[in-house]
Amino acid sequence: MRGNITSNILKILLIVFAIGVLFFGGYVLPSIAEDMRALNPELDYAKLPILVTCELLLVFLLIGLGIILYLLTIFDRGLVFSSTFIRWVEVLVGMCLVASIGIIILFQYTRTFGGPGPLLALIMIGLTVTIWIIAAVIMLIRAIVKRAICFQRESETS
């Protein structure tokens, strides 16, 4: 019972976070891009590619949150030791790697016209490292679950 309460609280927090991401992607990010264009009209050509890349990264984040919600549903059903759980965890790791590559590409693109500035560069580097740490933790969870599945199968055959 306690696991379900914790799982439900986490689901609610993830949904609230997803709503915040939707607000940020739908309202805040476009207004930031418009302000950037107003401050630097010579970089008008860069607004759309940067905005589209950032929006795609946010869509990736929303898909990842959806996968985490699905994994919590699998957890609630008691099916953690299944190949479905492992497969979706592996998808999350792949999404982390693709997202970090997207941030690196965005960083390289902004360098073509002078760079993103020191603070934004630090944020992008920090975000990339954070995503790599999250991917490593997810891979650790995957390894733990796979090992538990192996031990469960060995104990069933004994």
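Predicted model: local features only at pLDDT ≥ 70, side-chain atom pairs only at ≥ 80, totals over all residues.

Colleague: How many salt bridges does a search of the whole structure find?

Modeller: The criterion is a side-chain nitrogen of Lys or Arg within 4 Å of a carboxyl oxygen of Asp or Glu. With the whole structure searched, the number of salt bridges found is 5.

Colleague: Which residue forms a salt bridge with D76, and how far apart in sequence are the parts that the pair ties together?

Modeller: The partner of D76 is K11, with the closest N and O atoms 2.5 Å apart. D76 belongs to helix 2 (residues 44-76) and K11 to helix 1 (residues 2-39), so the bridge ties together parts whose separation in sequence is 65 residues.

Colleague: Is K11 buried or exposed?

Modeller: The cut-off for buried is under 20% relative accessible area. D76, the partner in the salt bridge, has 26% and counts as partly exposed. K11 has a relative accessibility of 17%, so K11 counts as buried.

Colleague: By about how many helical turns are R37 and E34 separated?

Modeller: R37 and E34 form a salt bridge in which the closest N and O atoms are 2.5 Å apart. R37 is partly exposed at 28%, and E34 is partly exposed at 32%. The two residues are 3 residues apart in helix 1, so their separation is about one helical turn.

Colleague: Which helices does the salt bridge between K47 and E34 tie together?

Modeller: In this salt bridge the closest N and O atoms of K47 and E34 are 3.0 Å apart. The pair ties together parts 13 residues apart in sequence, because K47 lies in helix 2 and E34 in helix 1.

Colleague: Which residues are linked with E34 in a network of salt bridges?

Modeller: E34 forms salt bridges with R37 and with K47. The network links E34 with R37, D44 and K47.

Colleague: Which element gives the largest share of the lining of the largest pocket?

Modeller: The largest pocket holds about 1,400 Å³ of space. Of its 45 lining residues, L57, L58, I103, L127 and I131 are the closest to its centre. Two or more lining residues come from each of helix 1, helix 2, helix 3 (83-111) and helix 4 (118-157). The largest share, 14 residues, is from helix 2.

Colleague: How many charged residues are in the lining of the largest pocket?

Modeller: Sorted by class, the lining has 39 nonpolar and 5 polar residues. The number of charged residues in the lining is 1.

Colleague: Which element supplies the largest share of the largest nonpolar core?

Modeller: This core has 32 residues, and those touching the most other members are I50, L71, F85, I138 and V145. Helix 1, helix 2, helix 3 and helix 4 each contribute at least two of its residues. The largest share is 11 residues, and the element supplying it is helix 3.

Colleague: Which residues are in contact with V145, leaving aside its neighbours within four places in sequence?

Modeller: V145 is among the core residues that touch the most other members. With its sequence neighbours within four places set aside, the residues in contact with V145 are V80, F81, F85 and I86.

Colleague: Which residues does A135 touch, not counting those up to four places away in sequence?

Modeller: A135 is in helix 4, and at 4% relative accessibility A135 counts as buried. Its C-alpha atom is separated by 17 Å from that of L72, 63 residues apart along the chain. Not counting residues up to four places away in sequence, A135 touches V93 and C96.

Colleague: Is P118 buried or exposed?

Modeller: P118 lies in helix 4. The cut-off for exposed is over 50% relative accessible area. P118 has 70%, so P118 is exposed.

Colleague: What is the C-alpha to C-alpha separation of T130 and S100?

Modeller: T130 is placed in helix 4 and counts as partly exposed at 39% relative accessibility. T130 and S100 are 30 residues apart in sequence, and their C-alpha to C-alpha separation is 9.2 Å.

Methods: Residues numbered from 1 in each chain as written. Heavy atoms only, no water. Helix = DSSP H or I, 4+ residues; strand = E, 2+ residues; numbered from the N terminus. Buried < 20%, exposed > 50% of the residue type's maximum accessible area, 1.4 Å probe, protein only. 1 Å grid on protein atoms, 1.4 Å probe; cavity = no way out; pocket = protein on both sides within 12 Å on 5 of 7 lines; lining within 4 Å. Points joined across faces, edges and corners; volume = space filled by probe spheres on them. Nonpolar A, V, L, I, M, F, W, Y, C, P; charged D, E, K, R; others polar. Core = buried A, V, L, I, M, F, W, Y, C linked by side-chain atoms within 4.5 Å. Contact = heavy atoms within 4.5 Å.
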